[in-house]
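User: Hi! Could you walk me through this model?
Analyst: Happy to, let's take a look together.
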Amino acid sequence: VLDNVSVTSPMPSVTINTPADGATVTSNGQSLRLAATISDSGTPAITWSMVSGPGTVTFANTALADTSATFSTPGSYLLRCTATNANGSGSDEREVNVSAPIATDSALALHLRLDEATGVTAADSSGSGRHATASGTVAWQAAGGVLDGAAEFDGANSYLSIADNAA
């Protein structure tokens, strides 16, 4: 006969999946997707926070494992996702680099940085608003290009399309 036996669940485990460590985003008000995997036998409380950085970070919802953030000023930020249950807390941290906004040039019709992490839209950072739409199998590599971002196409039926909005 066992008396006074109690079973406790361990502290939550947190792994940030998106963005990649050291990812770069432009500080033009564009949001960055944040996604973490929380391993816990219950339902822990989740909190995203800024550990350090030169400005402020605005999170879409600090209590969700999958959310987004925008940054007030260029620089290096350290973000943390923490999950807490009755037995304690677990956390993971990710560095994000925020670059200065690209100056717009009235002669520039299109500039695709290809530094998206997810989705089907490649944002036009020229100021012209000519965003591209990905079709087929496209894998975004936010920090995988020669300068910054890249898009990997399947070689068969993948492409980016841009609407012709000439006046």
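Analyst: First a term: contact means heavy atoms within 4.5 Å. This is a predicted model, where local features need pLDDT of at least 70 and side-chain atom pairs count only at pLDDT 80 or more, while totals for chains, interfaces and linings use all residues. Residues are numbered from 1 along each chain as its sequence is written, and side-chain values use heavy atoms, leaving out hydrogens and water.
User: Great. Leaving aside neighbours within four places in sequence, which residues is Leu79 in contact with?
Analyst: Among them are Ile16, Leu34, Met50, Val57, Phe59, Phe71, Arg94 and Val96.
User: And which residues have the most contacts inside the largest nonpolar core?
Analyst: Those are Phe71 and Leu79, in a core of 19 residues. A nonpolar core here is a set of buried Ala, Val, Leu, Ile, Met, Phe, Trp, Tyr and Cys residues joined through side-chain atoms within 4.5 Å. Buried means under 20% relative accessible area, exposed over 50%, and partly exposed in between (1.4 Å probe, protein chains only).
User: Which strand gives the largest share of this core?
Analyst: E7, with four residues. Strands here are DSSP runs of E, at least two residues, numbered from the N terminus. There is also a second, separate core of six residues, including Ala122 and Trp140.
User: Switching to the sheet: what is the strand order?
Analyst: The order is E1-E3-E6-E5, in an open sheet of four strands with antiparallel pairing. Two strands pair if DSSP finds at least two bridges between them. E1 (13-18) and E5 (57-59) are at the edges with a single partner strand each, so one side of each has no neighbour in the sheet.
User: How many bridges join E3 to E6?
Analyst: Four, between residues 32-39 and residues 66-71. Leu32, for instance, has Ala69 as its bridge partner in E6.
User: Nice. How many salt bridges are there?
Analyst: The count comes to four, taking a salt bridge as a side-chain nitrogen of Lys or Arg within 4 Å of a carboxyl oxygen of Asp or Glu. One of them joins Asp66 and Arg33 (2.6 Å, N to O). Asp66 is in E6 and Arg33 in E3, so this pair ties together parts 33 residues apart in sequence.
User: Is the Arg94 and Asp92 pair buried or exposed?
Analyst: Arg94 and Asp92 are both buried. Their side chains meet in a salt bridge (3.8 Å, N to O), and salt bridges that share partners join Asp21, Asp92 and Arg94 into one network.
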